[in-house]
Amino acid sequence: MLTSADYSALWLTFKVASLTTLILLILGTPVAWWLSNTQSRWKPLLSALIAVPLVLPPTVLGFYLLVLMGPEGALGRFTDAIGLGTLPFTFTGLVFASCIYSLPFVVQPLQNAFEAIGPRPLEVAATLRASPIDSFFSVTIPLAKPGFFTAGILGFAHTVGEFGVVLMIGGNIPDKTRLVSVQLYNHVEALEYTQAHWLAALLLGFSFLVLLVMYTVIKTPLRVQHV
Amino acid sequence: MKTIYQSLCFEMNNPVPQAMAALSPRKLLRSIVLSILLGISSTPAFADDLLVAVASNFIKPMQAISQQFTESTGHKVTLSFGSSGKLMAQIRHGAPFDLFLSADQDKVTRLLEKELAVSGSEFIYAQGRLVLWSGKQELVDTSGDVLKSDKFRYIALADAKLAPYGKAAEQVISALGIEQHLKPRVVKGENISQTYQFVRTGNADLGFVALSQVQHHPESLKGSQWLIPRDYHEPIDQYAVILKRAKHKDAATEFSQFLQRKSTHALIRSFGYDLPTSVQLAESDQSCDYAYLR
């Protein structure tokens, strides 16, 4: 029923979603940490900026990314100048766009988790002579573990479901930018409903399985007890 | 910028078909509630208010034509734009359109097979012209030699499976025998508007787009183009058909005749479309159907 193009789209989607989630967890953590601790007057500005991809329709976001990353866009000129070329129609470009698209889904759960911990455990750690970096890794991260899981799941799931952005900047290149959402859409548009149903079922089954595994792994109590 | 944005809006605001309701109070109430829920301003119900489903590539000419039609006949025309595939899916699931202007022949044939369209009512309302276009001056030459060169990184074309212009573009490429040369450079738009956007934003150096798009955006004429000769690909026939569910069959017939008038043909041509000469022959004999002449 499914062609090799379908499987390759599934695999590519998995790669983009995993890589995006990983990058966002690494980059999102310091941002979320800063947001949860700062009294800076820039905080609302940054929070709003991070939340903007939630509001923008994905096709609009995708279109402006296409303009921005294009040869006449600011970002496109920059990437071209440093020898990367322009990003649309590349795997890198897709991961970059996915990171922007899924950013709030990773940063916000992390920020909430950090805020929920409060200053107390870190103050206690400080009295035990733990350096800020030490206490971040040995106190904050373990306590915020549920937040990391939620952030990871939401970031991954949101990227798998990404459509509008991929459609606008992908260019539908097999093995490079043709993700499963676009492939599925193309089947429907081409009236290949049987293939569309199969692919949708497979995507659903696969996503369900990933989520099931992740939720099984997080058997740790979701409510962290402290003081 | 504005024009790109407008064409983008048309792509995204694929309007929800609006039920015309010269019906029982209950149905009227239902359609009003639906309209409110869907956020559509409901137009007052008239007896002859045609609801026409139109492929997105024909938005501009259709607006002009329906305005002329309303002026000359008094019938109101409500247009619903979308990709032919989406519109066809909507028709299959009971959308109350009177007339369907597809971007190809395939969707119309399928509707006829499923007995959702009135057989014998189908006709070609326009033929697309394909053009190889670049925003850059002097990139595209008038014989398409640029395609064989290394002067570009990306070339955009529409997906052949989804868009008739994409199919035609692939026929041109295989006629020129340059599939292998182009393969690593090809990016595909889901439809012809998206393909145009790829080239327009400079992300693709050049692309196979519709003549109507290049004509519609005067700035695009600054670039370079090659109007693909007609014999490089099969004609991009755009078929229209009256639907079985049509509530206003007479008005729909009137409109399809209006679409085939000489003056309308001239208008359609002015938007960058072609028309086969044989359509005029078929016009004189209504029982003679052009679709089966070929």
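A polar contact is a pair of N or O atoms within 3.5 Å; within protein, one must be able to donate a hydrogen and the other to accept it. This briefing applies that count to two contacts in a predicted model. One lies between domain 1 and domain 2 of chain B, where two residue pairs are in polar contact, both at pLDDT 80 or more.

**Domains of chain B**

- Domain 1 of chain B puts 14 residues into the contact, and domain 2 of chain B puts in 14 residues.
- About 1200 Å² is buried between domain 1 and domain 2 of chain B. Carbon and sulfur atoms give 54% of that area.
- Polar contact between these two domains of chain B comes to two residue pairs. Salt bridges between them number zero.
- On the side of domain 1 of chain B that touches domain 2, helix α1 (residues 2-12) gives the most, with five residues.
- By class, that side of domain 1 of chain B holds five nonpolar, six polar and three charged residues.

**Chain A against chain B: extent**

- The contact draws 27 residues from chain A and 30 residues from chain B.

- B:K161 and A:E192 form a salt bridge, with their closest N and O atoms 3.3 Å apart. That pair qualifies because the cut-off between a Lys or Arg side-chain nitrogen and an Asp or Glu carboxyl oxygen is 4 Å.
- Nine residue pairs are in polar contact between chain A and chain B, both residues at pLDDT 80 or more.

**Chain A side: elements and classes**

- Three helices of chain A each supply at least two residues to the side that touches chain B: α3 (58-69), α9 (164-170) and α10 (180-189).
- α3(A) gives the most to this side, with seven residues.
- The side of chain A that touches chain B divides into 16 nonpolar, seven polar and four charged residues.

How values were computed:
Residues numbered from 1 in each chain as written. Chains lettered and ligands numbered in written order. Predicted model: local features only at pLDDT ≥ 70, side-chain atom pairs only at ≥ 80, totals over all residues. Heavy atoms only, no water. Contact = heavy atoms within 4.5 Å. Buried area = accessible area lost by both parts, 1.4 Å probe. Polar contact = N/O pair within 3.5 Å; in protein donor to acceptor, adjacent residues only side chain to side chain. Helix = DSSP H or I, 4+ residues; strand = E, 2+ residues; numbered from the N terminus. Nonpolar A, V, L, I, M, F, W, Y, C, P; charged D, E, K, R; others polar.
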